[in-house]
Amino acid sequence: MIELRRTGPEGFTAALDTVIEIYTAAMRPPADQLSGRQGIMRNHATFPGFTCLLAETDGDVVAGFGYAFHGAPGQWWHDVVRRALEDRQGRDVAVAWFGDALEIAEIHVRPDYQGKGVGRRLVRGLCEGRPERTAVLSTHDQPTAARHLYRRLGFTDLLGGFVFPGGYERYAIVGATLPLRPQA
C-alpha cells in the first residue's frame, strides 16, 4: 500500500537526495545536469505556498514525489511561460491561467511503480484544497502516459511545441481549473 505524506520546505530539503534519485530514475537526465536540477529544486522550496507529497510504501520506500507552489511574477518558469502564452493567445488568456495559479513543478514516480495510480494520486493530492483558481504545468509534447494522465484529470493544452529558452525539447503547457474534476 502506498501512502502520501505531505511535507513543507524543510522536509523536502531533507529528502532532496531521495527526490533526485527518483527524478534520475524516472527522467534519465545527463549526469552533468543533476547538480543544477538539485539547486533549482532547493530554490523552488522557498516559493510561496510550497508543498510536497512523498508517496511512501509500507516498507518506507519513496515510490514517487510531486511538489507545487503558488506561481508569481519573478519566478523563471512563470515569467517565461506566461509571456509565451500572452504572445500567442493574448493578455486576457494569460491572466486567466496565470493570474492565480498553482504551478506543479515536478511529478515523478520510480519506474517500477509507474502505471499503478501513484502519479494520479500525487497530482490530485497537490491540487486538493488549494486556494488558487488554476493549476498549470509543463510536460513533454508527446503522447506519453503523463500526457494521458493529465488529460484524464481535466488538464487542457494551453501551448504546444513550446521550447524553453536555451532548450531543444518540445513541451506542452497544460492547465486545469481548480478544483480538479471528480474522478470518473
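Buried residues make up 47% of the 184 residues in the protein chain, where buried means under 20% relative accessible area, exposed means over 50%, and partly exposed lies in between (1.4 Å probe, protein chains only). The model is predicted: local features need pLDDT of at least 70, side-chain atom pairs count only at pLDDT 80 or more, and totals for chains, interfaces and linings use all residues. Residues are numbered from 1 along each chain as its sequence is written, and side-chain values use heavy atoms, with hydrogens and water left out.

**Overall form**

The protein chain contains seven helices and seven strands. Helices (H or I, at least four residues) and strands (E, at least two) are DSSP runs, numbered from the N terminus. In order from that end, the elements run β-α-α-α-β-β-α-α-β-α-β-α-β-β. The radius of gyration of the protein chain is 16 Å, close to the 16 Å that the globule rule gives for 184 residues, so the chain is as compact as a globular protein of that length. This radius is taken over C-alpha atoms, and the globule rule is 2.2 Å times the number of residues to the power 0.38. The C-alpha trace spans about 50 × 40 × 30 Å along its principal axes.

Contact means heavy atoms within 4.5 Å. Of the contacts in the protein chain with a separation of 6 or more, 68% are accounted for by residues 24 or more positions apart.

Why is β3 largely enclosed by the rest of the structure? Eight of the nine residues of β3 are buried, so the strand is largely enclosed. Two strands pair if DSSP finds at least two bridges between them. Strand β3 has the pairings listed below.

| Strands | Sense | Bridges | A bridge pair |
|---|---|---|---|
| β2 and β3 | antiparallel | six bridges | Cys 52 and Tyr 67 |
| β3 and β4 | antiparallel | seven bridges | Phe 65 and His 108 |

The hairpin of β2 and β3 has four residues between the strands, and in this hairpin Asp 60 takes a positive phi near 65°.

**Helix α6**

Helix α6, residues 118–127, is mostly covered, with eight of its 10 residues buried. Among them are Val 118, Leu 122, Arg 124 and Cys 127. The buried residues of α6 pack against the strands β1 (2–7), β2 (51–57), β3 (62–70), β4 (101–109) and β5 (134–140), and also against helix α7 (145–152). After α6 comes Gly 129, whose phi is positive, near 75°.

**Aromatic pairs**

Rings of Phe, Tyr and Trp (its six-membered ring) pair if their centres lie within 6.5 Å; planes under 30 degrees apart count as stacked, over 60 as edge-to-face and the rest as tilted. A search of the whole structure finds 10 aromatic pairs. One of them joins Phe 47 and Phe 69, which are edge-to-face at 4.9 Å centre to centre with 85° between the planes. Phe 47 lies in the loop between α3 (34–44) and β2, and Phe 69 lies in strand β3, so the pair ties together parts that are 22 residues apart in sequence. Both Phe 47 and Phe 69 are buried. The rings of Phe 162 and Phe 164 have their centres 4.8 Å apart and their planes at 85°, so this pair is edge-to-face. Both Phe 162 and Phe 164 are buried. Ring pairs also link Phe 12, Phe 50, Phe 65 and Tyr 67 into a cluster.
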